[in-house]
Amino acid sequence: MTRRLVIEADGGSRGNPGPAGYGALVRDALTGEVLAEVAESIGHATNNVAEYRGLIAGLRAVAEIDPSARVEVRMDSKLVVEQMSGRWKIKHPDMVPLALEARDLASELGPVSYGWIPRDRNAHADRLANEAMDAAARGEHWVRKIEEDPRPTAPRRTGRPPRTGRPRRRGTARTARRRAGPRRRPPPRGRCCCGTARRRCRRRSGSRGSASSR
């Protein structure tokens, strides 16, 4: 079964152009779990350039997680969604190389579709983009990248079965046997503890006599 991933991307600038930044994340389409987050301040740029940079960052994150996955891109930029879907032409010279880069990245993945969503449904990516824009406004180059390791961590093999219950203290049984001394074997059948026949044993007859005298 082909894995399904969702990219949520956003970008903006304080002014147009102005201090700009983008944010993007990758979710598992079935569980909604966030698998990767990436954001960056990009200095002085326009809103549309920042939006494209967010899309490119999301596509790169998918390539690191699962290049064969089926990808759905969700953005609140109608311009980027329509241009990447092929319905609108790309006229601005600053966006042509970014759109070509995004298409090259998408061509190396599984099927990629684009859909527009309102801003309130893109809150996570919008928050990341705003953090990047705040850093750009301070004149800082800020980068955020969090990715989940796709490789499961195998348990460490020690060669011994796991212990269950109360831990056993070493040497306890052996020490107890040493303190108790040599084992006494039970007397043969028909013999007393002293080795004589039971009928002739004085200890046995004496104990009987004392018992009878009481």
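Buried here means under 20% relative accessible area, exposed over 50%, and partly exposed in between, using a 1.4 Å probe and protein chains only. By that cut-off, 35% of the 214 residues of the chain count as buried.

This is a predicted model, where local features need pLDDT of at least 70, side-chain atom pairs count only at pLDDT 80 or more, and totals for chains, interfaces and linings use all residues. Residues are numbered from 1 along each chain as its sequence is written, and side-chain values use heavy atoms, with hydrogens and water left out.

**Exercise 1. Work out how many helices and strands the chain has, and in what order they run.**

Step 1: Helices (H or I, at least four residues) and strands (E, at least two) are DSSP runs, numbered from the N terminus.

Step 2: count. There are six helices and six strands.

Step 3: read along from the N terminus, and you get β-β-β-α-β-α-α-β-α-β-α-α.

Step 4: check the contacts, where contact means heavy atoms within 4.5 Å. Take those with a separation of 6 or more: residues 24 or more positions apart account for 70% of them.

**Exercise 2. Find which strands β1 is joined to, and whether each pair runs parallel or antiparallel.**

Step 1: two strands pair if DSSP finds at least two bridges between them.

Step 2: look at β4 (residues 70-75), which is joined to β1 by six bridges and runs parallel to it. In this pair, R4 stands opposite R70.

Step 3: now β2 (residues 18-28), with nine bridges to β1 and an antiparallel run. Here I7 stands opposite V26.

Step 4: check the cover on β1 itself (residues 4-13), where nine of the 10 residues are buried.

Step 5: inspect the hairpin of β1 and β2, which has four residues between the strands. G15 takes a positive phi near 100° there. P17 is in that loop too, and the peptide bond from N16 to P17 is cis, with omega near 5°. For background, most residues other than glycine have a negative phi, and most peptide bonds are trans.

**Exercise 3. Sort the residues of β4 into a covered face and an uncovered one.**

Step 1: recall the pattern. In a regular strand the side chains alternate between the two faces of the sheet.

Step 2: assign the faces. V71, V73 and M75 make up the covered face, while R70, E72 and R74 sit on the uncovered one.

Step 3: Five bridges join β4 to β5, and the two run parallel. E72 stands opposite S113 in this pairing.

**Exercise 4. Say where I117 is found and which residues it touches.**

Step 1: check its cover. I117 has a relative accessible area of 5%, so it counts as buried.

Step 2: list what I117 touches, not counting residues up to four places away in sequence: R74, M75, D76 and N122. The C-alpha atoms of I117 and M75 are separated by 5.7 Å, though the two are 42 residues apart along the chain.

**Exercise 5. Which residues touch the most other members of the largest nonpolar core?**

Step 1: a nonpolar core is a set of buried Ala, Val, Leu, Ile, Met, Phe, Trp, Tyr and Cys residues joined through side-chain atoms within 4.5 Å.

Step 2: of the 37 residues in the largest one, pick out I7, V26, Y52, L55 and L59.

Step 3: see who contributes. α1 (47-65) gives the most, with 10 residues.

Step 4: follow Y52. Leaving aside neighbours within four places in sequence, Y52 is in contact with V80, Q83, M84, I90, M95, L98 and A99.

Step 5: turn to α2 (78-85). Its buried residues are V80, V81, E82, Q83 and M84, and they pack against α1, β4, α3 and β5. α2 is followed by G86, whose phi is positive, near 90°.
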